[in-house]
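Here is a protein structure to look at before reading further.

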Amino acid sequence: MLANPDQATVLDFQRHLHRWFAANHRPLPWRSSYEPYQVWIAEIMGQQTQMERVAEYFRRWLDRFPDAAAVAVAPEQALLKAWEGLGYYSRARNIQRAARLLVERHHGQIPADRDQLLALPGIGPYTAAAILSIAFNQPWPLVDANVERLFARLADIDRPLKETATRKRIHALAETLLHRDLPRDHNQGLMELGALVCTPRRPDCPACPVQAHCTALRRDTVEFRPLPTARDKRIDIVMACVILCRGDRFFIQQRLADDIWGGLWEFPGGRLEENETPLAAARREVVEETGWQVERLEPLDTVIHHYTRYRVTLHAFIAALPADAGAARLTAAQQSAWVTAAQLADYPFPAGHRRLAQHLRRQLSGKTGTALTAKKTSRS
Ligand code: SF4
């Protein structure tokens, strides 16, 4: 029984897991060489993101930034553009800060030492263990969300995963089961098994290579593990923004550096105040953020975007800016630009505004901005 495994159980578990991983693992791009820089980038991208999506971004990133030295000297806007859509943009900035330290202290190479890794921005105990075990094949146990769920079922743990005692128990189990000679395949095997077979809903138990060791399967409690916790309540946020145009140019502004999406670009806008309509909020936000008064606003699009437990509904309006409006007085941005629809593709935007920019590029083929008045709703 895996809740308290003896040596024979551990060996049998490892044998079945490794055989399954060798035959079933996904051919992810960093798995061809396990080059440490590539493992590091894949690990950071993989935080909160599905592997298939990571693979797509990873290939593009590697084409542009093949090593730490290339990241260290890249303009921040190029990094943010390459990261656009992955969210949590501080990760891209931390990669660059870490890359500069790697060039300074380690000749641009990733160190195979835990303390040296932990001294780099954006690398905590989990990421350090992932780099050490996957890139350098060092025996560090790894417990991500997939492995937590897998262990909760294998050991039939009837306590919430968030509890400290549960976490300690799972880490102890990960330590006990770890194959000291093959940590790279072992850790990836566990994560892959959780991602592909022992899935959150309807795990494929008949195809599971370690089913003989699964306590929850034997006790018929699989559907109750991990123990469900009260789900975080979804929070609804409603926002409005205005796409200001002058002929074939659109106004965009770059958020302040210490902002949540600092350094990214957007159309002026913000949250609705209590009892405020989207139209009134859009008009107010333009005045507050640029000093411009715009009278005629036309609805353009409504984008619904999910961000962790937030559901953001973004109402977008479009308006022509009068020729005598003067220069913008920026209060919520570090700089601004007037760009064509095609040029919008060169700037990194947060998710909702990126969809609006894509909408504009699709809709505008030789028309000016004010030709766009059709209201649509799209979701992401
Ligand atoms: Fe998960 Fe089913 Fe395998 Fe148990 S038997 S570890 S529940 S897939």
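The centres of domain 1 and domain 2, taken over C-alpha atoms, are separated by 37 Å. Eight residues of domain 1 and 15 residues of domain 2 take part in the contact, where contact means heavy atoms within 4.5 Å. Domain 1 covers 7-224 and domain 2 covers 235-379, with bounds that come from an automatic or database domain assignment. The model is a predicted one, in which local features need pLDDT of at least 70 and side-chain atom pairs count only at pLDDT 80 or more, while totals for chains, interfaces and linings use all residues. Residues are numbered from 1 along each chain as its sequence is written, and side-chain values use heavy atoms, with hydrogens and water left out.

**The second largest pocket**

- The second largest pocket has a volume of about 940 Å³; on a 1 Å grid over the protein atoms alone, a pocket is an open set of points with protein on both sides within 12 Å along at least five of seven lines, whereas a cavity is a set of points where a 1.4 Å probe fits but cannot get out.
- A volume is the space filled by probe spheres set on the points, and grid points are joined across faces, edges and corners.
- This pocket is lined by 39 residues, and those nearest its centre are Trp-261, His-305, His-306, Tyr-307 and Ala-351; a lining residue has an atom within 4 Å of a point.
- Domain 1 and domain 2 each give at least three residues to the lining of the second largest pocket.
- Helix H14 (351-363) is among the elements that supply at least two lining residues each, as are strands E1 (235-246) and E5 (298-307), and H14 gives the largest share, six residues; helices (H or I, at least four residues) and strands (E, at least two) are DSSP runs, numbered from the N terminus.
- The lining of the second largest pocket divides into 18 nonpolar, 13 polar and eight charged residues, where Ala, Val, Leu, Ile, Met, Phe, Trp, Tyr, Cys and Pro count as nonpolar, Asp, Glu, Lys and Arg as charged, and the others, Gly among them, as polar.

**The largest cavity and the ligand**

- The structure holds one cavity of 30 Å³ or more, and about 100 Å³ of space lies in the largest cavity.
- The ligand takes up the space of the largest cavity; a molecule sits in a cavity if more than half of its atoms lie within 2 Å of its grid points.
- Of the 13 residues that line the largest cavity, Cys-198, Pro-203, Cys-205, Cys-208 and Cys-214 lie nearest its centre.
- The residues that surround the ligand include Leu-150, Arg-153, Cys-198 and Gln-211, each with a heavy atom within 4 Å of it.
- Helix H9 (residues 145-154) gives the largest share of the shell around the ligand, three residues.

**Backbone details**

- Most residues other than glycine have a negative phi, and most peptide bonds are trans.
- Tyr-88 has a positive phi, near 45°, and lies in the loop between helix H5 (76-83) and helix H6 (90-106).
- The peptide bond from Arg-225 to Pro-226 is cis, with omega near -5°, and Pro-226 is found in the loop between helix H12 (215-219) and E1.
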